[in-house]
Amino acid sequence: MKRNISIIFLSLGTILTLAACSTPNTTKSSTTSSEKNETTISSTMDSMAGMNHDGVVPDGMKDDSNPKFPIGSSIILLDDHMDGMNGAEGYVVGAYKTTIYEVSYDPTNGGEKVSNHKWVVQEELKDPSNIAAKGDTVILNAEHMDGMMSATATVDDAINGTVYVVDYTPTNGDEMVKNHMWVTEDEMKINEKGE
């Protein structure tokens, strides 16, 4: 009997270990502001060490009722947050009015300083009720990269506007990235040949 229990625990331990080592690609999309913003992201980003984009659209995000790029717009990305992003074709899956920050911070895990990280939104600050300005110090409440959560950051730039969540197919042949957070209006254009 003890041997059977030991085998069961050993099997469960193996299953849990294998599950923890896997890389899921799970997505829950929100479609309206009346639904909870529970967009879950899990994509492997090989171009930046520690990039994990596992998270949710923060509570309190306000839908932009009239964005420049409405939900469903076929777009081409113009920035290179990650390898294969610049020139990639994709679609807008979310548009939110907020304050958007570029920040520099020392990771809480002891990693090298991260400079000019694009982007963190107002709702991803530890105190989202206080609008920050360039040069201000803020505490981050986001996990875009390892060591980002609870890190003290300096605001390099602050923009009031619309920030987007996009799905796109990287130009480097990697699998489609679902619900990439965040892209600003000047980092994409309408795909004229898109459907």
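Guide: Two strands pair if DSSP finds at least two bridges between them. Strands (E) are DSSP runs of at least two residues, numbered from the N terminus. This is a predicted model, where local features need pLDDT of at least 70, side-chain atom pairs count only at pLDDT 80 or more, and totals for chains, interfaces and linings use all residues. Residues are numbered from 1 along each chain as its sequence is written, and side-chain values use heavy atoms, without hydrogens and water.

Visitor: What makes E5 and E6 a pair?

Guide: Three bridges join strand E5 (residues 137–139) to E6, in the antiparallel sense. The rule asks for at least two, so they pair. Thr 137 stands opposite Thr 154 in E6.

Visitor: How do you know that E3 pairs with E6?

Guide: DSSP gives 16 bridges between them, and they run antiparallel. That meets the rule of at least two, so E3 and E6 pair. Gly 90 stands opposite Tyr 168 in E6.

Visitor: What joins E6 to E7?

Guide: Five antiparallel bridges link E6 to strand E7 (residues 177–184). Val 166 stands opposite His 180 in E7.

Visitor: Why is a set of residues called a nonpolar core?

Guide: Because its members are buried (under 20% relative accessible area, 1.4 Å probe, protein chains only) Ala, Val, Leu, Ile, Met, Phe, Trp, Tyr or Cys, joined through side-chain atoms within 4.5 Å. The largest core has 15 residues; Val 103, Tyr 105, Val 138 and Leu 140 touch the most other members. Strands E3 (89–105), E4 (114–121) and E6 (152–169) each give two or more residues. E3 gives the largest share, three residues.

Visitor: Which residues does Val 103 touch?

Guide: Among them are Val 114, Val 120, Leu 140 and Val 155, with residues up to four places away in sequence not counted. Contact here means heavy atoms within 4.5 Å.

Methods
Buried means under 20% relative accessible area, exposed over 50%, partly exposed in between (1.4 Å probe, protein chains only). Helices (H or I, at least four residues) and strands (E, at least two) are DSSP runs, numbered from the N terminus.
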